[in-house]
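Biologist: Please give me a close look at one part of this model: the surroundings of the ligand. Then set that part against the rest of the fold.

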Amino acid sequence: MHSNQGQAAAPAPESVKILVAGGFGVGKTTLVASVSEIPPLSTEETLTEASTDIDDLTGIEGKTTTTVAFDFGRITIQRDELVLYLFGTPGQDRFWFMWNELAQGAVGAIVLVDTRRLQTSFAAVDFFERRSIPIVVGINHFPDSHWYEPDEIRAAMAIPESVPVIVCDARNRRSCKQMLITLFEHALARVPG
Ligand SMILES: Nc1nc2c(ncn2[C@@H]2O[C@H](COP(=O)(O)OP(=O)(O)O)[C@@H](O)[C@H]2O)c(=O)[nH]1
Ligand SMILES: [Mg+2]
């Protein structure tokens, strides 16, 4: 009789949910698309005349699309043992009502910041801090943005020492993956016991 005894079954991968947050146009959709192994599901729509009155495009006049609900992607790390499901949150204020739902069961969040418009990411930092959800802050530099060191951004945004603040490039897969690993380690370090 055929038996599987003695053959170690491959353990099912652990799957965790991670959010990608930050203001409108900081690079959330770009980050999810950079790292995802599956075609990222994105509900990107062309900005309409109607929404240009509502969404603040100051500083990002070139942006022509917007994420209507959220971005979704997946990445496997640690030799197939860990699957991260990424949810990019909608950046516009009028979608705040979705955040509580999206945050359910999340182990942590990456909060992206655009140094030209730091204020657009304050609300995201605050949201996760209030709920004790671990975050990593990613400084996503754009061609015309002034270069700031992580400590300058930390001071400007009053981010506690315990929160990692790192420079990243949302278009670069390695950079995004490194940020996810930093977040995962940061989240694990906070688990009591
Ligand atoms: N130079 C540069 N451009 C970026 C970077 N990340 C995103 N972008 C561009 O910035 C724009 C807004 O990015 P998007 O991902 O749609 O922002 P979202 O609103 O946060 O989802 C897009 O045109 C991107 O191609 C980056 O790291 N560097
Ligand atoms: Mg988007």
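Modeller: Along the sequence, the pattern reads β-α-β-α-β-β-β-α-β-α-β-α-β-α. That comes to six helices and eight strands. Both are DSSP runs, numbered from the N terminus: helices are H or I with at least four residues, strands are E with at least two.

This is a predicted model, where local features need pLDDT of at least 70, side-chain atom pairs need pLDDT 80 or more, and totals for chains, interfaces and linings use all residues. Residues are numbered from 1 along each chain as its sequence is written, chains are lettered from A and ligands numbered from 1 in the order written, and side-chain values use heavy atoms, without hydrogens and water.

Now the ligand. Ligand 1 is surrounded by 15 residues, and the closest are Gly-25, Lys-28, Thr-29, Thr-30 and Asn-140. A residue counts here if one of its heavy atoms lies within 4 Å of the molecule. Helix α1 (residues 28-35) gives the most to this shell, with three residues.

Next, the polar contacts, meaning pairs of N or O atoms within 3.5 Å. His-141 places a backbone N or O atom 3.3 Å from a nitrogen atom of ligand 1. Asp-169 uses its side chain: a polar atom there lies 3.0 Å from an oxygen atom of the ligand. Ala-170 has a polar backbone atom 3.3 Å from an oxygen atom of ligand 1. On its own, ligand 1 has 580 Å² of accessible area, and the protein covers 78% of it. Such areas come from the Shrake-Rupley method with a 1.4 Å probe.

Now the rest of the fold. The protein has 193 residues, and 46% count as buried. Buried means under 20% relative accessible area, exposed means over 50%, and partly exposed lies in between (1.4 Å probe, protein chains only). The protein exposes about 10600 Å², with carbon and sulfur atoms supplying 53%. Take contacts between residues at least 6 apart in sequence: 73% join residues at least 24 apart. Contact means heavy atoms within 4.5 Å.

Two residues show how segments meet. Val-125 is in helix α4 (residues 122-130). Its relative accessibility is 7%, so Val-125 counts as buried. Beyond its neighbours within four places in sequence, Val-125 contacts Val-111, Ile-135 and Met-157. Val-111 is 14 residues away in sequence, yet 6.8 Å away C-alpha to C-alpha. Pro-150 lies in helix α5 (residues 150-157).

Finally, the rings. The whole structure holds five aromatic pairs. Phe-127 and Phe-128 have ring centres 5.1 Å apart and planes at 90°, so they are edge-to-face. Rings of Phe, Tyr and Trp (its six-membered ring) pair if their centres lie within 6.5 Å; planes under 30 degrees apart are stacked, over 60 edge-to-face, the rest tilted. Phe-127 is buried at 7% relative accessible area, and Phe-128 is buried at 0%. The charged end of Arg-131 sits over the Phe-127 ring, 3.7 Å from its centre. The rule: NZ of Lys or CZ of Arg within 6 Å of the ring centre and within 35 degrees of the ring normal. Elsewhere, Phe-72, Tyr-85 and Phe-87 form one aromatic cluster. Lys-17 has its charged end over the Phe-87 ring, 5.0 Å from the centre.

Definitions and conventions: A polar contact is a pair of N or O atoms within 3.5 Å; within protein, one must be able to donate a hydrogen and the other to accept it, and residues adjacent in sequence count only if both atoms are side-chain atoms.
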